[in-house]
Amino acid sequence: MMKGRVVLVGILLGMLLLSGCVQEKDVGEKTPSDGSGIDLSELEASQELKKFSSAGEIREFLKARTEASQGFHLGAPRALMGEMMVGMEEMAVTEAGMPVPAPTPATKAEVEAGEGAAEYSTTNIQVEGVDEADFVKNDGKYIYTLVEDNLVIVRAYPPEEAEILSKREIQGNPREIFVRGDRLVVFTEDTHDVLFYPEYGFKPETRRAPRTSALIYNISLRENPRLVANYSLNGEYFQSRMIGDWVYLIVKDHVYYHNDFIDLPLIREGSVKVMRPEIYYFDNPEENYVFHTIAAINIRGEDEITAKSFMMGYSNNLYVSKKNIYITYPKNLPYRYYQEERREIFHKIVTPLLPEDTRDAIEAIRAKDLGTAEEWEAISSILEEMYNQMDENEKEALIERIEDAVREYEEKKALERDKTIIHKIRIEDGDIEYEARGEVPGRLLNQFSLDEYEENLRVATTTRFWTRRGGSTEYNNVYVLDPTLTTIGSLEEIAPSERIYSTRFIGERLYMVTFKRTDPFFVIDLSEPERPEVLGKLKIPGFSDYLHPYDEDHIIGIGKETGTNEWGGVSIKGVKLALFNVSNVEEPEEIDRYEIGESGTDSEALHDHKAFLFSRKKNLLVIPIREVMNGYSERGMQKVWQGAYVFNVTLTGFKLKGRVTHENEYEEEYYHWHSPAAVRRALYIDNTLYTISSRKILMNKLVDLSKVGEITLPYKERLYYS
C-alpha cells in the first residue's frame, strides 16, 4: 500500500512541476547567488513611474509582457481581451491644454432657489468637504433622485406643497448624482460602438465597449433642467468625488489589446474628441492591466476638463482626501511568477533534501542547458530510480521531510505575496499629479480602511492565506505611511484567527471591529505615528459592519447580533445597533444595544454608509431595514417587513420612535426580495422626515412620525416572484 502511495506522490509531483514549466527556453532567466538558477525579482514591482510617449510604445510594452508570460493569458485574459481598435492614428500622448475660466461660486440664492429650509441633512460622507455621489441628493428645498432611467426633481419644502417639478429621461444606466447650487451632475454607464478599420481592410467595423458619461445640467429652472455639458470616457464607472466646484471622476477600462492594436483612453464632449489623456505606468508586470482615467471637471467652467490615465492592476478600493486620491488593489503577480516559483521550490527546497547521489545527478542534468521539457524528463527518471531503491520507511520519511519543508516555504511566500498596492495621486483645483506608490501587508476591507491625517496615511488590513495543512492563517494589522508612502509605523498580528469587519479612523484613534465568535471592539492609539498601540478592547457577542462617531467619546455601530447554535457554532441573528463609550480608552464599554428581526434581517446601511442617517443635534438615527419576522404568509413564505426604523439616540442609548414603511398588502404578497417599496434612503428638511424608495417619497413629522404627505415616483411596475 505504501509503495503505491509513494509512486502516486512522485507522479503527482512530476505532473505539478511539469504543468508549471514553459515549453521553450526560459526568457531572461538569471542565476542568483544561491545557485537555484531562478530569479523571481525580475517579476517584482518597480517603484519608478514612467510615461508612454506614443501608442506604439504602449503596444511594445504589452507585446513584451505577452511574450514574457507565454501568451499572457493569465486566466482567460482579463487584462487583454476583446476585439481591438485597429487602424488608429499613432497617438502622441500629450497634455491637452484647456481654457481655464474663473469658476463662478454658487450663490446663496442659487442654493436655496427661494425660501429653503434652515437646516437639512446631506449625504453621509467619510471626509468632511469631500462629497460622495449618491442616487438621492437634497439642498433644503428640492430633492433630486434617480428613478430607473429618469432624473426626477421634487419640490420637497414645505412638505405641504411637495410635487414633482420635472422628470427627464437619461440615456444609458444612470448611477449617481452630485448637486451644487444650480449645477447637477449625473453619471451614467452604457456601451457604445467603437468604429475601427481592420489592418488593410476596406470597410469599417464596430465592437461594443463600455462608456461612462458625466452629464452636467443647469438647474436654475428646476422645472426644465438644461444640459450644458456631456463628457464621455472609455471604461466603467468606478467612483467619483466633488470638492468645491471640481468633480473628480474615476473610470476603469481593461487594456484592450489584440493583434498589435490597442484602444486608448479618450474623452469626448458630445461626439467631439476633446482629449487623449497622458498615460503613466510602472515598468513591472501585473496580472491585469487596467487604465484608470481620472478626469477633473469644473461644473461651472465652460469646457474645463483635465485628465490623466494610469495603467495599473485591477483596483478594488478608493479613498479621497481634500488633497489626494488613493487607489488600491491586491498585489497580483503574473502567472509566470507562480510557474517560476514551482521550479524554485523543487530546486531550492526539494533537491537539497534528496540523497547526495540524486542531487549530483540532477545538477549534472541542469548543467547541460537542456530545454525545460527535456530537462524535466531526465530529472523525473532520476527520481523514479531513487524511489525504487528505497524501502517503504525511507520513502515515507523522505516525503514527510519534503512536505514539511515545502509547506514552510509556501507559507512564507504566501505571507510575502499577501500585500496591497497603494497609489497616491495629488489633486488640487483640477490639477492631477502622481505622487507615490507603496505596499502594505494584507488586504483592505473598504474605503474606511484608509485615512489621511496630518499628511500621513493610516491603513488597516487583514492578512489571510491558506496553507497545505488545510487551514488558514489570519490576523490584522495597522500601518502608518509617510507622504512618500513609506511605512513609518506598524502594529501587526492583532486578533489572530479573526478578520476586520469595520474600521473608523477619528483623529488620533482607530476604532476597529474584528470577528470570529465574538466581537472584539478595539481602541487603537495613533498619536505617535511610529508606535501605534492597542489602548483597550471589549469582547461582546455580534459584530459591527459600520462604525459612526456620535461624539469624540462615543461610537455607534451597526451590524449583526450573534448567538450559539445547537452544534456549538456561531449563528447570525438580526440587525444589531450598539453604542460604545470610549472615554476610558483602556476599558471601552457597550452602553446600549438594540436588535431588530430574526436571522436574515438586513439593512442597506450595513453595506453602504450613505444609507445611514444620523443627526446628533436632533438625536436622530434612521436606518433602512428588511426585517424577517416570525410566521409565514398565505403563500408559505416567511413574513418580511420593509421600511425604515427611526430612533431617538442619546448617551443613554436607543429609543425606538417608530417605523415607516412604503409597503402595502399588494407588495407584501408579490415582492419578497428587492421590493420597489423598500426604503433605501432617508433625509430630513427642518422637522420633516423624508424616506425614499423606488416607488415613492413619504413625508412624516419627526416629532411623532405622523404622515404629512407622499410623492409617487415614476417607477415602472414589474413583478418579481421569489
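Predicted model: local features only at pLDDT ≥ 70, side-chain atom pairs only at ≥ 80, totals over all residues.
1. The chain as a whole. The protein chain has 722 residues, of which 55% are buried, and its secondary structure comprises 8 helices together with 43 strands.

2. Helices H5 and H6. Helix H5, which covers residues 356-367, packs with helix H6, which covers residues 372-388, at an angle of about 170 degrees and with the two axes 10 Å apart. Since angles over 145 degrees count as roughly antiparallel, H5 and H6 are therefore described as roughly antiparallel to each other. On the H5 side the contact is made by Thr358, Ala361, Ile362, Ile365 and Arg366, while H6 contributes Glu375, Ala378, Ile379, Ile382 and Met386.

3. Helix H7. Residues 392-417 form helix H7, whose 26 residues span 37 Å from the first C-alpha to the last, a value close to the 38 Å expected at 1.5 Å a residue. At the start of this helix, a side-chain oxygen of aspartate 391 comes to within 3.2 Å of the backbone nitrogen of asparagine 393. The buried residues of H7 include Leu398, Ile399, Ile402, Val406 and Ala414, but Lys395, Arg407, Glu411, Lys413 and Arg417 are also among them.

4. A cis peptide bond. The reader may wish to look at the peptide bond that runs from tyrosine 157 to proline 158, which is cis in the model, with omega near -5 degrees. Proline 158 belongs to the loop that lies between strand S5 (150-155) and strand S6 (163-169).

5. Positive phi at two residues other than glycine. Aspartate 429 has a phi near 50 degrees, and its place is in the loop between strand S22 (419-428) and strand S23 (431-441). With a relative accessibility of 56%, aspartate 429 counts as exposed. Glutamate 493 has a phi near 60 degrees, again a positive value in a residue other than glycine, but glutamate 493 is placed in strand S27, which comprises residues 487-494. Its relative accessible area of 52% makes glutamate 493 exposed.

6. The surroundings of tyrosine 475. Tyrosine 475 is located in strand S26, which runs over residues 472-481, and with a relative accessible area of 12% tyrosine 475 is buried. When its neighbours within four places in sequence are left aside, tyrosine 475 is in contact with Leu415, Thr461, Thr462, Thr463, Glu493, Ile494, Ala495, Pro496 and Glu498. Although tyrosine 475 and serine 497 are 22 residues apart along the chain, their C-alpha atoms are separated by 5.7 Å.

7. A buried arginine in a loop. Arginine 222 sits in the loop between strand S9 (205-218) and strand S10 (226-234), and its relative accessible area is 3%, so that arginine 222 is classed as buried. The side chain of arginine 222 reaches the backbone oxygen of isoleucine 219 at a distance of 2.9 Å.

Terms used
Residues numbered from 1 in each chain as written. Heavy atoms only, no water. Helix = DSSP H or I, 4+ residues; strand = E, 2+ residues; numbered from the N terminus. Expected span 1.5 Å × (residues − 1). Buried < 20%, exposed > 50% of the residue type's maximum accessible area, 1.4 Å probe, protein only. Polar contact = N/O pair within 3.5 Å; in protein donor to acceptor, adjacent residues only side chain to side chain. Axes fitted to C-alpha atoms, helices over the stretch in contact; angles between N-to-C directions. Parallel < 35°, antiparallel > 145°, perpendicular 65-115°, else oblique. Contact = heavy atoms within 4.5 Å.
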